[in-house]
Amino acid sequence: MTRPKLLVTRRWPDTVEEALRAQFDVTLNESDEPMSQQALADAMGAYDVLCPTVSDRIDADVIAGGDRVKLIANYGVGFDHIALDAAKAKGIAVTNTPGVLTDATADIALTLLLMAARRAGEGERELRDGRWSGWRPTHLIGSELRGKVLGLVGFGRIGIATARRAHHGFGMKIAYYARRPAEADIAAELQAEFHPVLDDLLGLSDFVSLHVPGGGDTANLINAQSLAKMKAGSYLINTARGGVVDHDALADALRSGHLAGAGLDVYPQEPAVPAALLELESAVLLPHLGSANRETRVAMGMRALANAQAWANGDELPDRIA
Ligand code: DGY
């Protein structure tokens, strides 16, 4: 029996690639460089299953490129890089990898929060550059976390995992903005305050952490107007998607001192990083590391494989999003 043809657009951990090969006729993008839009479009006519990542833009033109692909099994939880409507219109199923990167991403949200609050990036740069002149009482003073309000914009799996770390580990108070209130047990565990109006949350939070999907009505959600509503001296953390934030407006808010700091892991046009932010000491900038630990990257691959297997067996897809 011929095995379904599957294309992996970037290299995955070895163990996952081996597991894939046991069941599919796998083509790997050996160069591990991003594939061109044309190459992705051509792949639509040459494979049964396409396994992209957040670094691929699977737009309507790519999807129109051929009629063979029947499943897009994304390696990652976010899917704002895939034109779901175009896929649906062609009867292509789309899956993602929810749940397995929750802890890793929440860890990076806390990493950014701590680094921004304690000016860790600035300090490391100073030390490595040979500019550190020794301990002094007024040197690189940051902010305490205990008792401060962490406002979460979006309160799904990753938002809640971030809140748990901040509340139980660092004594922060939790407030959140979401479409609906959280389950009663979670709200009680975190003593979390629900705010149905975003501006209210922004106005009372010492730290704001973004956990919305990106795209749609979350594009530019944090813009000049919303930044102006944030508390003076507060911090913005983004591990969600770059397009949720207007980075020019953020740079202005940091430059003016209205915001004390920001911690970012994601950018609108990765790998480009908005130049204005690169010049600001108060911005902590990471290269999209949210899910970057060994265990998580293997689990993401295994989850994508489980979806591809289910499709090959004609079973219900565990993580179908379209
Ligand atoms: C995702 O899964 O969407 C992440 O951004 C990749 O780490």
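Axes here are lines fitted to C-alpha atoms, for helices over the stretch in contact, and angles run from 0 to 180 degrees between N-to-C directions. Helices (H or I, at least four residues) and strands (E, at least two) are DSSP runs, numbered from the N terminus.

The model is predicted: local features need pLDDT of at least 70, side-chain atom pairs count only at pLDDT 80 or more, and totals for chains, interfaces and linings use all residues. Residues are numbered from 1 along each chain as its sequence is written.

**Helix pair**

Helix α1 (residues 14-21) packs with its axis within 9 Å of that of helix α13 (residues 294-313). The two axes cross at roughly 15°. Therefore α1 is roughly parallel to α13 (angles under 35 degrees count as such). The contact (C-beta atoms, placed from the backbone, within 7 Å) involves these residues:

| Helix | Contact residues |
|---|---|
| α1 | Thr15, Val16, Ala19, Leu20 |
| α13 | Val298, Gly301, Met302, Leu305 |

**Sheet**

Five strands form an open sheet in the order β2-β1-β3-β4-β5, with parallel pairing. Two strands pair if DSSP finds at least two bridges between them. The edges are β2 (25-28) and β5 (93-95), each pairing on one side only. From one strand to the next, the twist averages 15°.

Strands β1 (residues 5-8) and β3 (residues 49-51) run parallel, joined by three bridges. Val8 has Cys51 of β3 as its bridge partner.

**Helix on sheet**

Helix α13 also lies across β1, β3, β4 (71-73) and β5. Its direction is at about 165° to β4.

Note on methods
Angles under 35 degrees count as roughly parallel, over 145 as roughly antiparallel, 65 to 115 as roughly perpendicular and the rest as oblique. Two residues are in contact if their C-beta atoms, placed from the backbone, lie within 7 Å.
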